[in-house]
Amino acid sequence: MAKGKLKGGSVDASSLAGVNERQKDMKQRENNDLLSLSAIALVVSLFVVPLTADRSTSGVPRQKHIVLRMDEALLTVNNELNTEVLVSWVSERCYQCLFQPLGVVPAGSIPGQPSSMDFIVGTQHQITLQLNSTSDKTQLCKVPFHFGEHGNYSLWVKNLNNSAVASCSVVTDAEAINSYMPILIAFVIFAGLALMSAIARTIYGLEVVRGLLFRIGGSMETERLINSELGSPGRIVPPVTDNILPPPPSPSKRLRSLDTFRGISLVIMVFVNYGGGRYWFFRHESWNGLTVADLVFPWFVFIMGTSIALSINSQLRSGSTRCSLLRKVLWRSLQLFIIGVIIINPNYCQGPLSWNNLRIPGVLQRLAWSYLVVACLDLLVARGHLDILTTDACWSPGLDILLYWPAWLCVLLLETVWLCLTFLLPVPDCPVGYLGPGGIGDFGLYANCTGGAAGYIDRWLFGENHIYQTPSSRVIYGTHMAYDPEGVLGSINSILMAFLGLQAGKIILHYRDVHTSIMSRFLIWGLILGAISAALTRCSTDQGFIPVNKNLWSLSYVTTLACFAFVLLVLVYYTVDVKKWWSGAPFYYPGMNSILVYVGHEVFEGYFPFRWRMVNSQSHTEHLTQNLIATSCWVLISYMLYRKRIFWKI
């Protein structure tokens, strides 16, 4: 691993190389100008203020004007020892990782006067600095520290009481900025808008206000009709009675909570895809663990399964045959797959697309695959006419599962295939059942084993050039292997996620209008899935049997996110459809046009008003503002399309 700077716990070799290059240039210029400075020093001292330089005792000029980027801090290592010190680092988020070299600090030339060297370190996560003597390779000390963005820090390496034992301590020279303040301000603004909207709706709902608005609107309308041709005195207006025409048929009941849930997932997905203000918790986790960005795609798959149950049941009740529905499912899956391949391989500015590096797996492709399998399973077992399940029998709590046991059996067989391939498939030069990131993880023993069987199957099936080239594992673990988080093996578990959403739809169908039964079943499912996740992970990030991992779409990842989905669905269902405290706005509108919003935000990502040239591209504030405005634009677009009754269905 090349020496580099810390950025989110990763090594940015190009940036540190630039710092080292500047230091070399300074040293070269110092050597070249030394004779000239000596010759004219006396003359200069007679006419101007004496020339001074901020130099370390090693002779390397101190860099006073280093420009720091986002998530960076300046660390000055001061070495008072009489030996060179190698400074290495590792991120706390990097499990069983090798220390990576940061640089070498020369020995102090004069006792009591340290030599110094400046380094740029990352501020996203806590890191551990390790200092070793270059002469005998002995470890001098380890210092865990969480640096703040744009802060200046000094690490002092001294002899402890004139002994051979080294003492290391970090001192803050300049306080860091609060990089999270923009998030707080944005939250206050959006919360204020939501509060104002709620107050306005409450005031409008008052009988006095509605009557006043009705009288004002009625008088204005009367005046308009009198002054127009439509309101001329010669026109006879027939009397209006309530019994002339029969009332229109009531539309089919649609749960707003499902579209709201889908919209929540979609809006967060758009926001994190646009950058999420360049905050680490709005990006995908490097390997094991969860961030906000890791939540939304499984939730979208989950609610897709719920919609499948309701849609197929509705069409069967309306008289559609299973064969005709199967043809629609096949056609829709093919459309999703083709659209997915198109939008993840754009070449608008680079010229014709090269088939040699066409990426095949992707988000919409995985949605297409999950939709195809789960919809086919539901067509196999779905019932056109459903009765509300009785709660008298002892077996009634499991009846909504027992009625569809063939589909459950197929899903369990698929999950068995995933377990067997993941833990039993031999992968060349890798341990069987390996679930790690490779790279510098696992002490660098399996650098080329990223993803284990999942990565091996994708590289064998698609070819290394046809899968994702820059996985998130590169950020911390420094992997160099191509790995696709939407690969083949993980798609099996995405089917499980969609099928659990299908089960939520079955609960809604069987317990329709019995709100307490629906919500209690949701909570029971959430509890069961949470217990399974706790057992698989042993309540730890890295030390469980099957860690929570978005890149692998591991079994524990699916059970954990499905647990969250059931709980969130209970909350949204209760507030939107049961109590009607919330209309679901503004998430309801993009949830009604999800395919259009997702495809649109991918295609027009680089166009105004979704992106523009920023004054300071190294500012979280500007990135957050741009990403929030872009996401809000899609919410506004979806609202306008909703008002025009324009929906893109495939």
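This is a predicted model: local features need pLDDT of at least 70, side-chain atom pairs count only at pLDDT 80 or more; totals for chains, interfaces and linings use all residues.

1. Two strands are taken as paired if DSSP finds at least two bridges between them, and strands themselves are DSSP runs of E of at least two residues, numbered from the N terminus. With that in mind, strand S9 and strand S10 (residues 166–174) pair in the antiparallel sense over 8 bridges, and within this pairing Ser154 stands opposite Val171 in S10.

2. For orientation in the viewer, Asn79 has Val157 in S9 as its bridge partner.

3. A separate point concerns the open sheet of 4 strands, whose order is S5-S4-S7-S8 and whose pairing is antiparallel. Strand S5 (100–105) and S8 stand at the edges with a single partner strand each, so that one side of each is left without a neighbour in the sheet. From one strand to the next, the twist averages 20 degrees. Within this sheet, strand S4 (residues 85–91) and strand S7 (residues 127–133) run antiparallel and are joined by 7 bridges, with Val90 standing opposite Thr128 in S7.

4. Turning to the backbone, most residues other than glycine have a negative phi, and most peptide bonds are trans. It is against this background that the following residues deserve a look.

5. Which peptide bonds are cis? Another is the bond from Phe608 to Pro609, where omega is near 10 degrees; Pro609 is found in the loop between helix H16 (594–603) and helix H17 (620–643).

6. His150, a residue other than glycine, has a positive phi, near 65 degrees, and is found in the loop between strand S8 (139–145) and strand S9 (152–159). With a relative accessible area of 27%, His150 is partly exposed, since that class lies between the limits of under 20% for buried and over 50% for exposed.

7. Arg278 likewise has a phi near 65 degrees, a positive value in a residue other than glycine, although its setting is the loop between helix H4 (256–273) and helix H5 (296–317). The relative accessible area of Arg278 is 23%, and this residue is therefore partly exposed.

Conventions:
Residues are numbered from 1 along each chain as its sequence is written. Side-chain values use heavy atoms; hydrogens and water are left out. Buried means under 20% relative accessible area, exposed over 50%, partly exposed in between (1.4 Å probe, protein chains only). Axes are lines fitted to C-alpha atoms, for helices over the stretch in contact, and angles run from 0 to 180 degrees between N-to-C directions.
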